[in-house]
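Biologist: Could you take me through the aromatic rings of this protein, and through the charges beside them, one question at a time?

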Amino acid sequence: MEILAQRLTMLRKQKDVSRKVVAEAVHIAERTYQRYEEAEREPNASVLAELAKYYNVSLDYLVGHKDEV
């Protein structure tokens, strides 16, 4: 899901944190998070929910169903 990868990258950069910081916050490996940002993998529902919570955005925004946060 390319839009998810783009939004994860954008949100992380806006928050000015490293991939490692995000990965630790949502309890996944840094490499796993990197794969999400590079559109090599997609997170399962529970990780997706944790990412939305971490970035304070809706799931719909994160996956590209809405353009409003």
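Biologist: Is Tyr 55 buried or exposed?

Modeller: In this predicted model, local features need pLDDT of at least 70 and side-chain atom pairs count only at pLDDT 80 or more, while totals for chains, interfaces and linings use all residues. Residues are numbered from 1 along each chain as its sequence is written, and side-chain values use heavy atoms, with hydrogens and water left out. Buried means under 20% relative accessible area, exposed over 50%, and partly exposed in between, with a 1.4 Å probe and protein chains only. Tyr 55 has a relative accessible area of 8%, so this residue is buried.

Biologist: How many aromatic pairs does a search of the whole structure find?

Modeller: Rings of Phe, Tyr and Trp (its six-membered ring) pair if their centres lie within 6.5 Å, and planes under 30 degrees apart count as stacked, over 60 as edge-to-face and the rest as tilted. Searching the whole structure by that rule, the number of aromatic pairs found is two.

Biologist: Which kind of pair do Tyr 33 and Tyr 36 form, and which do Tyr 54 and Tyr 55?

Modeller: For Tyr 33 and Tyr 36, the figures are 6.4 Å centre to centre and 75° between the planes, which is edge-to-face. The ring centres of Tyr 54 and Tyr 55 are 5.0 Å apart with their planes at 75°, so that pair is edge-to-face.

Biologist: Which charged end sits over the ring of Tyr 54?

Modeller: A charge sits over a ring if NZ of Lys or CZ of Arg is within 6 Å of the ring centre and within 35 degrees of the ring normal. Over the ring of Tyr 54, 4.6 Å from its centre, sits the charged end of Lys 15.
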